[in-house]
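Me: I have a model open and would like to learn how to read it. Could you take me through it feature by feature?

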Amino acid sequence: MRRTDLVFFLTGAAALVYESAWARLLARILGSGPGATAVVLSVFMGGMGIGALALAPAARRTGRPRLLFAALEWFVAGWAAASPFLLGLLHPVDGFANRALVAGLLLLPPTLAMGATFPLMGRLTVARPEETGAETAGFYGANTLGACAGALLGAFLLLPLLGFRRGLAAAAGLDRLAGGLALTLGRVPRPGPGPAPRPRGPREGDLLLVPFFFGLSALALEVLLTRLLVTVTGASVYAFAIVLAVFLAGIGIGGRGARRLLARERVRGRLLAGCGLAVPVFTLLGLLLLRSLLGESDLFGDVANRLPRGIGPLALWTSHAVFAAVALFPGALAFGAALPAAVDLFARGASGAVPERVLGRVYAANTGGALLGSLLGGFFLLPVVEPRYGVAAALLPGLAAAALLFARLPGLRGWWWWLGTGAAALLGVAALRPGPPAEGMRVLRLEVGPHATAVVEERVPGGGRAVVRSLRINGKVVATTAPVDLRLQRLIAVIPGHLHGRVRSALVIGLGTGMTAGALLDFPSVRSLEVCEISPAVVRAAEAFSEWNGGLLEDPRVDLRVVDGRHALARSRRRFDLITADPIHPWTRGSSDLYSREHFLTMAARLAPGGVASQWLPLYQLSEEDVKTIVATWLSAFPRTSAWLTAYDLVLVGSREAVGEGAERRALPPRVRRSLSEAGIRSPAELLALRVGGTEDLRALAGSTPPMGDDRPVLEFRAPLSYLAGYCVPVLRWAARPGSLAALPAASREPGRRVRRLLVEFLARLPRGADRAIAAYGRALLAGGTR
């Protein structure tokens, strides 16, 4: 490895950490909706492409390229270290113009500088114009392999241990080190005249479509296949990082591997055309192998997470890497070789362009295609065309690039294109064909959106029991109509609603099946209900649960908004009698923002006088420390709190003033009573019996655990490790302690004893088999605690 390779490796690693952190930090200001995501993506990638194109002449003219490269890297490092403080000065904004302004102010300066370093890499390494392609393969591969390392370094080390502020500072240290090493590089090649024009070479303007097509295909496929893979691996931050790292590793290795090939005169041009044919063939072969490996009849149907119990994190991550490598790695090799091959084609073309100009133009074209591909993949091919046909569409630009090359370059035999296209078509039929659903399962809805894939499925249990309908998001079942799940979803709304006594206005963050929001409409006092759901796919899927959510989506009192709930609440100036949140599990990437102190403080600030808030706290797939973190964070925002047991989950209730006075004497409204009776609760006394702790009890449970802030979302990185642990038995035992009975109203103490006894029995059965223990516990709870 040359010293320049180390320099470019370090800059690639730092850039990927920046990209990951900036995307998360900006989502809190701009929101996580499709519009905000498109703005951030456009500014980031557009800035890099413009920087490479506009500053290529400066890379050529400078007499001190090492110093210019170091200065650019030091500028980016300083900007990255300062960016969290800059963002801390801003409040959440809405609207395209405001979002574009904020994203442009934060991202354009560093991305222009990052893009400018690409032609400078050529200036630091290319001695002769005819070596431009081979040298590009070397530094592009090193830089991309650095990005691969940065994807893992950020997710597995810097951000979990240091948080965003110090993690960005640490990544900036890599850039500062790279700049320092750049100053120590040996003699830099002097720029010479461009290559002699070749009479029969291709016109550069026409063939700039080739790198554009490769960029378009690469990013569209990455978006589509990442969605497929996270339905298998689960949508944790680690799964996303591993999938991205595998894709970047393939590109980096493909780029480095092209170096020797480009040194051979006879493969030039042929290599680039071969990459265009290899992309669809390799990708479809990978999908066929993945289909066989998973044992799935249809990769784009009702695919479930593959998260087996009883294995450690290393084995789990290895399985994620294997799945990603099968699906992504072969095609990524071809994408990696394509860019330096395109540079080589133009460097030896008739235009006689100097290396820096070639690098700037090819990189800008490739980045422009990548930007279009990511936007098309996320906002058109996924939700409109659907993933199965979207993959096929994303492979076409590679074939189009190859067709253009076969038509324009002398010496390429056209029958190779027809052979490659025919092979891709046959493989596409085999890999992308639909298959039947799993035995005993009926898929009612399969909805795909920019953020999530939502599947509504129906399974008929054995023994003549009722049909169970479930909602699966990105491969994970998040809610069902099974009575114990129904009990949780309704209690998240009913408990705070009953304690308040007269809820007129309410806000629900997270639609899911709609059962939580629908339970609020059972209170006759409710006049307006605002529901925030980020995924349009989930909204469409919720229509299949109208029997259980009371026709929520047709109720005139409901204002359903497809928005980022946290962002919408921060922007809102309304005050609500009740705010409740039923978000996705904390181990899902990005969901920790709905469990942070800043978000809970916003909830508290948006409560009307006498208002009450509630939050779901799962007691499965979380460790005791994870639960304590959520409790400590909730306590930091609400001076008055309580915890309520649903079955094997808690509902946290918080307020700024005392609530619940007279709740034991307050009758349940008729619709609420009917709704709860389906979940085994038949009176106010049985409802209040579910209270297992107050403010001081929760403080004792949390102990010295610090609350979680936005800067260091520890749950996002810790909870995926806790997924393998099963139920949080210590906290469930805490909920079953007899001492909590003394705080209950007299009429609730006997039902409280029964509920706690059933929980103790459930915990005793768990070691003998979770499924049987859950079934027995659920039957007993539905019987009202009797046996």
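Me: What should I know before I start?

Reply: This is a predicted model, in which local features need pLDDT of at least 70, side-chain atom pairs count only at pLDDT 80 or more, and totals for chains, interfaces and linings use all residues. Residues are numbered from 1 along each chain as its sequence is written, and side-chain values use heavy atoms, with hydrogens and water left out.

Me: Is threonine 633 buried or exposed?

Reply: Buried means under 20% relative accessible area, exposed over 50%, and partly exposed in between, with a 1.4 Å probe and protein chains only. Threonine 633 has a relative accessible area of 0%, so this residue is buried. Threonine 633 belongs to helix α21, residues 624-637. Helices here are DSSP runs of H or I with at least four residues, strands are runs of E with at least two, and both are numbered from the N terminus.

Me: Which residues does threonine 633 touch?

Reply: Contact means heavy atoms within 4.5 Å. Leaving out residues up to four places away in sequence, threonine 633 touches Tyr595, Ser596, Arg597, Phe600, Pro707 and Met708.

Me: What lies 2.8 Å from a polar atom of the threonine 633 side chain?

Reply: The backbone nitrogen of methionine 708 does. For comparison with the term you will meet next, a polar contact is a pair of N or O atoms within 3.5 Å; within protein, one must be able to donate a hydrogen and the other to accept it, and residues adjacent in sequence count only if both atoms are side-chain atoms.

Me: Which side chain is joined to that of arginine 566 by a polar contact?

Reply: That of serine 596, at 3.1 Å. Arginine 566 is found in helix α19 and has a relative accessible area of 13%, so it counts as buried. Its contacts, not counting residues up to four places away in sequence, are Arg28, Asp593, Leu594, Ser596, Glu598, His599 and Asp710.

Me: Which residues of helix α20 are buried?

Reply: In α20, residues 597-605, they are His599, Phe600, Thr602, Met603 and Ala604. The elements that cover them include β5 (505-509), α19 (565-571), β8 (576-581), β9 (607-618) and α21.

Me: How do I read the packing of α21 and α24?

Reply: Axes are lines fitted to C-alpha atoms, for helices over the stretch in contact, and angles run from 0 to 180 degrees between N-to-C directions. Angles under 35 degrees count as roughly parallel, over 145 as roughly antiparallel, 65 to 115 as roughly perpendicular and the rest as oblique. Helix α24 covers residues 695-702, and its axis is 9 Å from that of α21, at an angle of about 135°. The two helices are therefore oblique to each other.

Me: Which residues meet there?

Reply: Lys628, Val631, Ala632 and Leu635 of α21 meet Thr695, Leu698, Arg699, Leu701 and Ala702 of α24. By class they are six nonpolar, one polar and two charged. Ala, Val, Leu, Ile, Met, Phe, Trp, Tyr, Cys and Pro count as nonpolar, Asp, Glu, Lys and Arg as charged, and the others, Gly among them, as polar.

Me: How are α2 and α12 oriented to each other?

Reply: Helix α2 (residues 34-54) and helix α12 (residues 355-385) pack at about 170°, with axes 7 Å apart. They are therefore roughly antiparallel. Their contact has 13 nonpolar, seven polar and one charged residues.

Me: Is glutamate 661 buried or exposed?

Reply: Glutamate 661 is exposed, at 73% relative accessibility. The loop that holds glutamate 661 runs between β11 (649-655) and α22 (670-677).
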